[in-house]
Amino acid sequence: MAKHFTSPPFLGDCGTIHATTATLKEGDRPDYHKVFPMSAVQAGSTEVEPLSPYFRFSRTEWATLRASIPLPLTEMDLGTLRGINEDISLDEVADIYLPLSRLVNLYVRATQSLHKATDTFLGNAPAKIPYIIGIAGSVAVGKSTTARILQALLSRWPDHPKVDLVTTDGFLYPTAFLEERGLMNRKGFPESYDQRRLVRFLTEMKSGEREVGAPVYSHLIYDIVEGVVQKVCQPDVLIVEGLNVLQTGSARIFVSDFFDFSIYIDADEEIIESWYVARFLKLRETVFRNPDSYFNRYANLSRTEAVDQAHSIWQGINGPNLRENIQPTRERAQLILRKGANHGVEEVWLRKL
C-alpha cells in the first residue's frame, strides 16, 4: 500500500470558451408537441410505474426535443470545453445539451416576461436581474464540463447573450484558515465553504447590482488567489457550479434559494470513483509535474502507488462527502442528468412543474 499523504478532496479542471458567431433561434416547429415524456402506464401494459415528481426520458427521447435547432459549436470549440479525461462528442452535445439549452432558453424568456410584468405593476424602471442556474454533483462527475458547454450554448441564444460562470471553489476558506482548524481533509465538505460570503454574492446578484466580485480559486496552488476577483457585471444568465450548491442546513437562507433552475449530474458511485482515479493519473502526468503545484509530491509516484493513493483519497474523503452531503440533494434539482460508464448521459429526469 502506498504511503497515505494528507490529501485534497477534489482536483478541479479548468477551461475557456472559444467563441463562434452561430446563433440559435426558436422558430415555428409544428412537431414540437408530438414528443411526450413517459406516461405512468406504458402503452399496452397494465403495470403502473411508481409515482415520481419527474418526467423520465431516455437519451433518444430527450434528443428529439432538440426540435431541429442547429448545433452552433464546432469540434474546435468543444476541444476548449472538455474536462480532463472526458471525451465528450459533438453528438453528445447535440443529443443532450442542445435540448437542455432550448429548455432553459424558454424558461429564461418566461422569467424575463414575469419580471417585466412585476415592474409594470410596481411602476418601476426595468431592472436587469440574472437568471441563475445551479449545477451540482460529485467530484469528477463532469460538472465543470457541463457548465462550460451550457454557457457556450446559452450565449448563442439572442434572448440572453451574456452568460457568466462562477464556481463555488472561490468561496472555499483559504488554506491557512482550513489548516488552522484541522479541516484540510474536509475540503469540499460544507464546513469548508464561506457560505455567508456565497449567499451575499448571490443576494447582490439578485438585487441587480451592476458589478459583483467573486473570489478566484487556483487549482495549481490549491488555494484562494489573494487580491484577485472575478467581476460579474449584470449577466443575462449566471451559472453557479459546485459540489454542494443544492444543500440545505441550519442556515435561514440557502444558496439554492437564489436559483431559477438547478441541475444535478448523477452516476453510480463506483463509476465516479473510476473517473476520479483516471483523472488523478492524468494529472500525475501533467499538472502535478509543475514545481509550483500543491500536488507536486504525487508526480513521482509509480502507477500502482498513484492508483492506490487515488482510491485512498476517494474512500476517505470524496466518497463520504458524496454519500453524506452531495447525493442526498439530488432530488432537489429540477433536472437530473444520469451518466453511464462512458461519461455519456443515458437518461434525463425533468421535474414536473
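## The largest cavity

The largest cavity has a volume of about 60 Å³. This value comes from a predicted model. The structure holds one cavity of 30 Å³ or more.

Eight names make up the lining: Thr-168, Tyr-193, Gln-195, Leu-198, Leu-243, Asn-244, Val-245 and Val-255. By residue class, the lining of the largest cavity has five nonpolar residues, three polar ones and no charged ones.

## Overall make-up

The protein has 353 residues, and 49% of them are buried. Its secondary structure consists of eight helices and nine strands.

## The nonpolar core

In soluble globular proteins, nonpolar side chains tend to be buried together. Here the largest nonpolar core has 95 residues. Tyr-97, Ile-133, Phe-201, Phe-261, Ile-263 and Leu-335 are the residues with the most contacts inside this core. Helix H3, residues 90-122, supplies the largest share of the core, with nine residues.

What does Phe-201 touch, not counting residues up to four places away in sequence? The contacts of Phe-201 are Val-166, Phe-171, Val-212, Gly-213, Ala-214, Val-232 and Leu-238.

## Aromatic pairs

The structure holds 16 aromatic pairs. One of them joins Tyr-222 and Phe-295, whose ring centres are 5.0 Å apart. The planes of these two rings are at 65°, and an angle over 60 degrees counts as edge-to-face, so the pair of Tyr-222 and Phe-295 is edge-to-face.

Where in the chain do Tyr-222 and Phe-295 lie? Tyr-222 is in the loop between strand S4 (212-218) and strand S5 (223-232), while Phe-295 is in the loop between helix H7 (269-285) and helix H8 (303-326). The pair therefore ties together parts that are 73 residues apart in sequence.

## Burial and the aromatic cluster

Buried means under 20% relative accessible area. Tyr-222 counts as buried because its relative accessibility is 2%. Phe-295 counts as buried because its relative accessibility is 3%. Phe-295 also forms a stacked aromatic pair with Tyr-298, at 6.2 Å centre to centre and with 10° between the planes. Tyr-298 is buried, as is Phe-295.

Tyr-222, Phe-295 and Tyr-298 are among the members of one aromatic cluster. This cluster also includes Tyr-217, Tyr-276, Phe-280, Phe-288, Tyr-294 and Trp-314.

Key
Residues numbered from 1 in each chain as written. Predicted model: local features only at pLDDT ≥ 70, side-chain atom pairs only at ≥ 80, totals over all residues. Heavy atoms only, no water. 1 Å grid on protein atoms, 1.4 Å probe; cavity = no way out; pocket = protein on both sides within 12 Å on 5 of 7 lines; lining within 4 Å. Points joined across faces, edges and corners; volume = space filled by probe spheres on them. Nonpolar A, V, L, I, M, F, W, Y, C, P; charged D, E, K, R; others polar. Core = buried A, V, L, I, M, F, W, Y, C linked by side-chain atoms within 4.5 Å. Buried < 20%, exposed > 50% of the residue type's maximum accessible area, 1.4 Å probe, protein only. Helix = DSSP H or I, 4+ residues; strand = E, 2+ residues; numbered from the N terminus. Contact = heavy atoms within 4.5 Å. Phe/Tyr/Trp six-rings, centres within 6.5 Å; stacked < 30°, edge-to-face > 60°.
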